[in-house]
Amino acid sequence: MEFMLDTANIADIKKYVEILPVVGVTSNPSIVKKEGKVAFFDHMKEIRSIIGESRSLHVQVVAKDYDGMIKDAETILNKIDQKVFIKVPVSEVGLKVIKELKRRGVNVTATAIYTKFQAYLAIAAGADYIAPYFNRMENMGIDPREAIFEMAQEIERTDSETKIVAASFKNAGQVNAALESGSQAATMGVDIIQQALAMPSIGQAVDDFTADWEAVYGADTNLASI
């Protein structure tokens, strides 16, 4: 099970790589837009410096045509590093790009997946990760749980090394559902993490434990002092 941060916010990345077992950071043009008109490649390199080379960094192409996507991929690899996972939407053109990038030995994350058929094609093309959009699928009347389950079955049937990194969540329940349906990874915004860990019952439990301890051993007494 892998957890990734779906953000380009430097402060959030610095904070949560220290808290969570984060294995990577994903981004796309919409996520980058939230940071304003940053110096894009300097920004991505700063993210890399924070997460290190042992965690994965996923950066998306922005062109829509084959030559443009390939050029985007080459630029990303040259201006950040050769370990970056190039995010490519699974369209007709995108699949051609994925095949070429894998022929070159490039790490690829196939993104903007809404259907099982897209996923099956991306798996066959050799994508390292496939990213089904959980909440968007649900909004379209597509059952993401069933779809992710079948994607996982296809990976098992074909003995593929592709991993599912589910994305596009509105709450922690959807993250749970994706992982329970067979997704090997999930990428989420920090709002999902904050929502999940800020449950009042968690804080109440901690307060109750502290009160019970202090009732026996006194306030300001910790384990090291007894």
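The centres of domain 1 and domain 2, taken over C-alpha atoms, lie 42 Å apart in this predicted model. Domain 1 covers residues 2-188 and domain 2 covers residues 200-225, with bounds that come from an automatic or database domain assignment. Along its principal axes, the C-alpha trace of the protein spans about 70 × 40 × 30 Å.

The protein contains 11 helices and 8 strands; these are DSSP runs numbered from the N terminus, helices being H or I of at least four residues and strands E of at least two. The 8 strands close into a barrel in the order β1-β2-β3-β4-β5-β6-β7-β8, with parallel pairing. From one strand to the next, the twist averages 25 degrees. Two strands count as paired if DSSP finds at least two bridges between them; strand β2 (residues 22-26) and strand β3 (residues 56-60) are joined by 3 bridges. Within this pair, Thr26 stands opposite His58 in β3.

Helix α5 (residues 92-103) lies across β4 (85-89) and β5 (108-113), at about 155 degrees to β4. Helix α9 (residues 172-180) lies across β1 (2-6), β7 (163-166) and β8 (185-188), running at about 160 degrees to β8. Axes are lines fitted to C-alpha atoms, for helices over the stretch in contact (heavy atoms within 4.5 Å), and angles run from 0 to 180 degrees between N-to-C directions.

Of the 226 residues, 45% count as buried, that is, under 20% relative accessible area with a 1.4 Å probe, protein chains only.

Residues are numbered from 1 along each chain as its sequence is written. Local features need pLDDT of at least 70, side-chain atom pairs count only at pLDDT 80 or more, and totals for chains, interfaces and linings use all residues, while side-chain values use heavy atoms, leaving out hydrogens and water.

Note on methods: Buried means under 20% relative accessible area, exposed over 50%, partly exposed in between (1.4 Å probe, protein chains only).
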